[in-house]
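Please read the following account with the sequence and the model side by side.

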Amino acid sequence: MTSIAVTTVVLLWGVVLGARIRCMSTDPWTTQLLKGVTICPLTGVGLLSVSWFLGLFVGAPIWAPAIMFALSYFLIRLASTESIQSPRESRNNGSLWILLPVFIGLGLTLTSMLLDQEHGEGGADAMAIWNYAARFLHRSGSQYPNLMPFLDPSHHMDYPLFFPAAIAAQWHCVGEESWFVVQWTHALFILPMGTLVYEIVHARRSACLAAWTSAVVLLTPSLLIWGQRQYVDGHLSYAVLGGAGFLALQRDKKDRNPIDATTAGLFLGAMPWIKNEGIPLLFLFAGLHFLTELKGRSWREHLGFTLRLVFSSMVFLIALILFKTNWPPTNDLIANGKDSFFDYLSSWDRWRTVLGAYGTELNPANELSRSRWAAALLLAVILLIDGLRRRFWRLDSTSAFLMFASFLSIGGWIVVYVVTPQEIHWHLSTSMNRLVLQIMPLCLVSGVLLCTRTPKPNTD
Amino acid sequence: MTDQDQKNENPLVLGLLIIATVFGLLQMFQTVKAEFSRPTPHWANPYFDDLAKHLEQEDSVIFMTDEEGFKDANGRIHTCQYAIIPTKLDVKTDWPSAFKKLDSGSWCICDAAFASSIDDAERKIRTWSQKDGRILTFKRFGDKLALFRSLPPKKDKSK
């Protein structure tokens with residue numbers, strides 16, 4: 001991809017694609033706007049990164065955008081067939097409660113950009129890994145595949161290119177390596193996190209509850225600070241919630257919607273393209289889905305849904321597979337042998353260390369913990385006490401799926417630390433709070449859904 | 001929200017969600033305030049542009065700094081492209097190995113990351129150069145930055 005026009009067209013195409021996929025129902029315009037805001041940054045920035053990467057890989061730049069156009073057109077067709085008016089959509093009646101997460105999201109976006117004026121270059125990992133990769137992609141151009149093997153492994157060039165490639169493409173477009181481009185690309189995802197939480201909770205609960213839940217998620221200091229420092233864990237948490245959330249909404253027989261199936265696929269596919277941690281989470285969620293999916297659905301319905309899911313996730317997975325199979329720097333977490341893996345797994349000391357570190361991180365009495373998680377911690381304690389007080393949780397199919405997805409994610413991240421080949425204390429101290437951030441919105445949303453009742457469908 | 005929705009909501013959870021939001025807002029306010037008052041890093045230096053001009057014709061520059069890097073007068077950060085970053089390692093034991101990488105004779109920009117002050121940094125660089133008989137070009141820019149190049153001794157062809 002060599003021209004400014006092509007870069008701009010791909011970005012706009014991605015945004016329009018997102019809006020087109022999500023806004024095909026008969027919802028009020030406010031709801032359609034909400035749905036557009038929720039997904040447009042993902043499709044816009046995501047497609048830009050994929051097409052830039054494919055342009056480098058294919059070597060014939062014009063083919064990359066062409067492939068993306070064809071794929072995304074196919075996605076629109078996929079989502080638009082059999083589009084139905086679901087009972088959930090009739091409840092999304094354009095409530096003004098949406099203004100709460102919108103105002104908080106806009107306020108935080110502004111705050112993030114103001115913070116960037118002071119410290120706009122990002123944190124240490126952003127400089128050494130993410131922005132380094134972006135600079136490398138931008139400067140090396142078509143030489144990228146040839147130069148890749150010579151890079152210092154300390155820069156973790158095995159990390160996926162969702163953000164680096166999208167930033168490189170925009171730098172190419174504006175003609176300089178502008179920090180503003182990096183900052184706005186990251187800040188772009190704050191508001192969609194709020195609207196995503198709102199949309200998923202509102203699909204099963206009232207707009208009021210959805211609005212307050214999204215406020216709590218947005219007001220988690222870790223989400224703002226790591227995003228402003230240009231780490232991508234907050235962005236991964238957005239994709240994780242979107243992937244698991246839209247899959248969960250498919251559990252209700254009356255509420256199956258091809259639009260949501262396509263959206264779930266896009267979010268799930270984006271997870272591993274944003275960060276390596278998305279790969280195990282993708283397998284966990286897909287495994288959980290297909291295990292429970294086999295029950296209560298005809299093979300025809302099952303096949304249709306699966307195809308939508310797979311095809312839409314392939315938009316991002318194609319790039320990931322090409323990246324991982326052609327330039328496969330070894331991930332330091334899987335560099336260890338089989339023997340040490342099982343040795344670590346059976347070491348009680350390692351389990352105790354990891355669980356202790358999680359306990360310290362999430363202990364509300366710990367001042368550092370409060371400053372990172374604040375409202376999220378308070379909400380978690382509230383939900384736990386409330387759930388225990390009533391002695392049972394109300395398990396509908398959506399809540400159950402999200403609950404299992406949360407447990408699997410938490411368990412997965414504990415195991416990762418137990419088997420890490422890195423020095424365990426160093427690894428925990430440098431990354432655990434960011435791994436908690438990756439699954440925090442998912443856990444909170446599932447907690448809120450578990451502790452509240454499902455309203456009866458609106459018959460108005 | 002319909003009346004039916006409101007009746008079916010768990011009022012306790014809703015009320016506590018609002019409390020959690022207010023608590024979150026207060027914590028967020030404190031966090032942002034702390035971020036804004038984070039001191040300007042030591043590398044902010046108006047002399048950097050002079051350095052940059054001097055180095056425009058060089059193919060590569062080694063930045064001898066810590067993970068914070070250098071920031072020029074326009075707010076641009078210059079770090080990881082060529083930086084020697086002693087993250088995750090003991091700085092005291094890592095700097096000697098960093099010095100070894102300077103054998104190429106590239107121009108280097110340094111701050112006091114590996115010393116107690118820029119004077120101390122200059123002293124260390126001179127000691128290191130003299131030890132091997134290297135030819136040192138050293139120029140100070142203000143009280144925080146220095147530019148230097150240390151070339152290997154020329155071989156005596158008469159021998």
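This is a predicted model: local features need pLDDT of at least 70, side-chain atom pairs count only at pLDDT 80 or more; totals for chains, interfaces and linings use all residues.

**Charged pairs, a buried tyrosine and a surface patch**

A:Arg434 has a relative accessibility of 8% and therefore counts as buried, since the cut-off for that class is under 20%. The partner of A:Arg434 is A:Asp233: the two form a salt bridge in which the closest N and O atoms are 3.4 Å apart. This pair links distant parts of the chain, with A:Asp233 in helix H13 of chain A and A:Arg434 in helix H22 (residues 424-450) of chain A, 201 residues apart. A:Asp233 is buried too, because its relative accessibility is 0%.

The side chains of A:Lys275 and A:Glu277 meet in a salt bridge, at 3.3 Å from N to O, and both residues are buried. A:Asp233, A:Lys275, A:Glu277 and A:Arg434 are linked in a network of salt bridges. Over all chains, the structure holds eight salt bridges.

Chain B supplies another of these pairs. B:Arg123 and B:Asp120 form a salt bridge, and their closest N and O atoms are 3.5 Å apart. Why are these two separated by about one helical turn? They are three residues apart in helix H5 (residues 118-131) of chain B, which accounts for the separation of about one turn. An α-helix has 3.6 residues a turn, so residues three or four places apart point the same way. The two partners fall into separate accessibility classes: B:Arg123 counts as exposed because its relative accessibility is 51%, whereas B:Asp120, at 14%, counts as buried.

Back in chain A, helix H13 covers residues 233-249 and also contains A:Tyr238. Is A:Tyr238 buried or exposed? Its relative accessibility is 1%, so A:Tyr238 counts as buried. Leaving aside residues up to four places away in sequence, A:Tyr238 touches A:Thr38, A:Ile39, A:Leu42, A:Phe189, A:Pro192, A:Met193, A:Leu196 and A:Phe267. A:Met271 is 33 residues from A:Tyr238 in sequence, while the C-alpha atoms of the two are 8.9 Å apart in space.

Helix H14 of chain A runs over residues 258-274.

A:Leu99 lies in helix H5 of chain A, which covers residues 99-119. With a relative accessibility of 37%, A:Leu99 counts as partly exposed, because that class lies between the 20% and 50% limits.

Technical notes:
Residues are numbered from 1 along each chain as its sequence is written. Chains are lettered from A and ligands numbered from 1 in the order in which they are written. Side-chain values use heavy atoms; hydrogens and water are left out. Helices (H or I, at least four residues) and strands (E, at least two) are DSSP runs, numbered from the N terminus. Buried means under 20% relative accessible area, exposed over 50%, partly exposed in between (1.4 Å probe, protein chains only). Contact means heavy atoms within 4.5 Å. The expected span of a helix is 1.5 Å times one less than its number of residues. A salt bridge is a side-chain nitrogen of Lys or Arg within 4 Å of a carboxyl oxygen of Asp or Glu.
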